[in-house]
Amino acid sequence: MASSSSSAYVNINSALPDTSDRMLFAVPKKGRLYDQCIGLLTSIGIEFNRKPRHDIALVTNMPVALVFLPAADIAAYVAKGNVDLGITGLDIIRESQTENDVAELIRLGFGKCRLQIQTPAGNQSVRSAQDLVGKRIVTSFINLTRQRFAELEGVDDPSKISTQVRFVSGSVEAACGLGLADGIVDLVESGDTMRAAGLHAIDTVMETESVLITNAHARFPHLAETIKQRVEGVLAARKYVLCQYNIERGMLEQASAIAPGRQAPTVTSLEPMGGAWVAVSVMIEKRCLAEKMDALKELGATDIIVLQIVNTRA
């Protein structure tokens, strides 16, 4: 969740005397993104040992130091150049108003959720976000909430809205039940917490997910590009499988239309069969694999096999 703490702008380099020749890579120290970030780092071959209660870990196989920070502070650290690379949420970037100071390298596909305006489900007097104009709103996302209500009120300056927006750092969903607010703005992933609190969503402020970010002043642009390419390879491997099959050369064009791959299929002539048949290797998205295999079989493909991809490069 977002934080307005000025600590996000403190230069941490003075506390890291042995990292002058290392790229600083900020990752969430806990929370909903932590486990998935650690899994991603492992997948891209980053090896490190993090000591208990330590927020800095030196990578043993790359000139990189991992800095474990609150996710809400990472965008600010990257924007100010205190760290070179970071993983955080799109919502954090917009809430911290650093979107003009960071560069989005790649969206990571995890941590997906929605920032939504929520009200008590039994309150029939509030059917849309417009009904909350001028009312009391509690949130951890002060800036995004004020911007949304400025749109609803037709006000250019978010600081001049009539809606009362109050900051709380946690347990936002309890605010309505305690009589502190008429509505809240909070992240919704599965919706279980929202429904358990007797709330329902009436408006979506934005959709968010985790992103890898850097800045224009990063000290190790080549190393950042290497990490980006590794991440792209892992994400592609999670999305695709490698399908191999044999087919008559005369049916190759139709088969390629069914499964064109990321760029194009790899085709090898089967010489023992006089070149009349070819062997094809092609990457296929997992979500449509069964349908593609059915279509290839119907076209006359044989010996269709599917292989898992551990990693790849474009």
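The model is predicted, so local features need pLDDT of at least 70 and side-chain atom pairs count only at pLDDT 80 or more, while totals for chains, interfaces and linings use all residues. Residues are numbered from 1 along each chain as its sequence is written, and side-chain values use heavy atoms, with hydrogens and water left out.

I begin with the chain as a whole. Its secondary structure comes to eight helices and 15 strands; these are DSSP runs, helices being H or I of at least four residues and strands E of at least two, numbered from the N terminus. The radius of gyration of the protein chain is 25 Å, well over the 20 Å that the globule rule gives for 314 residues, so the chain is more spread out than a compact globule. That radius is taken over C-alpha atoms, and the rule is 2.2 Å times the number of residues to the power 0.38. Along the principal axes, the C-alpha atoms fill a box of roughly 80 × 55 × 35 Å. Of the 314 residues, 46% count as buried, that is, under 20% relative accessible area (1.4 Å probe, protein chains only).

I turn now to helix H4. This helix, residues 142-153, has twelve residues. Its buried residues include Ile142, Leu144, Phe149 and Leu152, and also Arg148. The buried residues of H4 pack against several elements, among them helix H3 (90-95), strand S6 (113-120) and strand S10 (199-208), where contact means heavy atoms within 4.5 Å. Just after H4, glycine 154 takes a positive phi of about 70 degrees.

How values were computed: Expected span 1.5 Å × (residues − 1). Buried < 20%, exposed > 50% of the residue type's maximum accessible area, 1.4 Å probe, protein only.
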